[in-house]
Amino acid sequence: ATAKTSDTIRTDIITALRAYNLNDLQKFNRIFRQSTVSRIVESVDPSIVSTVPRVKMYRSLTPVYNKDYTYFINVGNPFTAGTILSSGFYIENNVNVCYIDDDGAGNLHLFTTIAGVRTVLRQVGTVDYTAGTLQIDTLNIVRSIETELRIAITPSSADVISIYNQIVAIDEARLKVNLIVDETTNGRSLVGNKFQFTPSRI
């Protein structure tokens, strides 16, 4: 139990994670560890009995506009098949916003949405999930929805490392904290009937 409101606890958690981001990450040769995040969150207040971090990796790149170009992206961390999704962009000879995702079998697809239906335009590259690399084949991007092209990926490991000239950092703009009341902690014998199972990954 705690005297703090849920909003106060949420704010305290975000503050603690921001401190971790500032003091322990954002430098070369640093490792983001989910176990560390769990310890930090659970130390914020005695009422926090468990945490389930859900991590997305984001890799940003500056597109080469109005030119056929091939992109090779080395994330440096293995990732989960079927979880790649780019931010939106426009290509030549197409008025619809396009995206890139993967089919879970090592292929990247260029797709758009027409009348609410996902429509694959073509295969546009390959993925090595174990090595953590993507190759986007010849693509002519004329405009990006965001200032950069962002690739979102779910890592397959609990830890995320930095390689070469990259750094690992928490994107605080995308940091979300969801609080769930755990009724199993109140000592009721039948309380397990209300237990909320949480998947370790999404």
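Trainee: Which side chain joins Arg150 in a polar contact of 3.1 Å?

Mentor: That one is Asp171, and the contact runs between the two side chains. Bear in mind that this is a predicted model.

Trainee: What else does the Arg150 side chain reach, at 3.5 Å?

Mentor: Ser60: a polar contact of 3.5 Å joins its side chain to that of Arg150.

Trainee: Where does Arg150 sit in the chain?

Mentor: Arg150 belongs to strand β11, which covers residues 149–153.

Trainee: And is Arg150 buried or exposed?

Mentor: Buried. Its relative accessibility is 14%, and the cut-off for buried is under 20%, so Arg150 falls on the buried side.

Trainee: What is Arg150 in contact with, leaving aside neighbours within four places in sequence?

Mentor: The list is Tyr58, Arg59, Ser60, Leu85, Ser86, Ser87, Asp171 and Arg174.

Trainee: Back to the charges, then. Which residues form salt bridges with Arg150?

Mentor: Asp171 is one of them, with the closest N and O atoms 3.1 Å apart. That pair links distant parts of the chain, since Arg150 is in strand β11 while Asp171 lies in the segment after β12, 21 residues apart. Glu146 also meets Arg150 in a salt bridge, at 4.0 Å from N to O.

Trainee: What does Arg174 do here?

Mentor: Arg174 forms a salt bridge with Asp171, and the closest N and O atoms are 3.1 Å apart. Arg174 counts as partly exposed, at 36% relative accessibility.

Trainee: Which residues make up the network of salt bridges, then?

Mentor: Glu146, Arg150, Asp171 and Arg174 are linked in it.

Trainee: How many salt bridges does the count come to?

Mentor: The count is 9.

Trainee: Switching topic: which residues touch the most other members of the largest nonpolar core?

Mentor: Phe32, Phe79, Phe89, Leu134 and Leu139, in a core of 40 residues. The largest share of this core comes from α1, which supplies 5 residues.

Trainee: Let me pick Leu134. What is in contact with it, beyond four places in sequence?

Mentor: Quite a list: Tyr71, Phe72, Ile73, Val75, Phe79, Ile84, Leu108, Thr126, Val127, Ile151 and Ile153. Ile151 and Ile153 fall within the residues of β11, 149–153.

Trainee: Now helix α2. Which of its residues are buried?

Mentor: The helix spans residues 34–42, and Gln34, Thr36, Val37, Ser38, Ile40 and Val41 are buried.

Trainee: What do those buried residues pack against?

Mentor: They pack against α1 (6–24), β1 (31–33) and β12 (159–161).

Trainee: I also noticed Gly76. Where is it?

Mentor: Gly76 is in the loop between β3 (69–74) and β4 (85–86). With 19% relative accessibility, Gly76 counts as buried.

Trainee: What does Gly76 touch, not counting residues up to four places away?

Mentor: Gly76 touches Ala131, Gly132, Ile161 and Ile163.

Trainee: And how far apart are Gly76 and Tyr65?

Mentor: They are 11 residues apart in sequence and 26 Å apart in space, C-alpha to C-alpha.

Trainee: Zooming out, how many helices and strands does the protein have?

Mentor: The protein has 2 helices and 12 strands. From the N terminus, the order is α-β-α-β-β-β-β-β-β-β-β-β-β-β.

Trainee: What box do the C-alpha atoms fill?

Mentor: Roughly 60 × 40 × 30 Å, taken along the principal axes.

Trainee: How much of the protein counts as buried, and how much area is exposed?

Mentor: Of the 202 residues, 38% count as buried. The protein exposes about 11,900 Å², with carbon and sulfur atoms supplying 51% of that.

Trainee: Last one: what share of the contacts join residues at least 24 apart?

Mentor: The share is 61%, among contacts between residues at least 6 apart in sequence.

Note on methods. Residues numbered from 1 in each chain as written. Predicted model: local features only at pLDDT ≥ 70, side-chain atom pairs only at ≥ 80, totals over all residues. Heavy atoms only, no water. Helix = DSSP H or I, 4+ residues; strand = E, 2+ residues; numbered from the N terminus. Buried < 20%, exposed > 50% of the residue type's maximum accessible area, 1.4 Å probe, protein only. Polar contact = N/O pair within 3.5 Å; in protein donor to acceptor, adjacent residues only side chain to side chain. Contact = heavy atoms within 4.5 Å. Core = buried A, V, L, I, M, F, W, Y, C linked by side-chain atoms within 4.5 Å. Salt bridge = Lys/Arg side-chain N within 4 Å of Asp/Glu carboxyl O. Areas by Shrake-Rupley, 256 points an atom, 1.4 Å probe, with all protein chains shown as cover.
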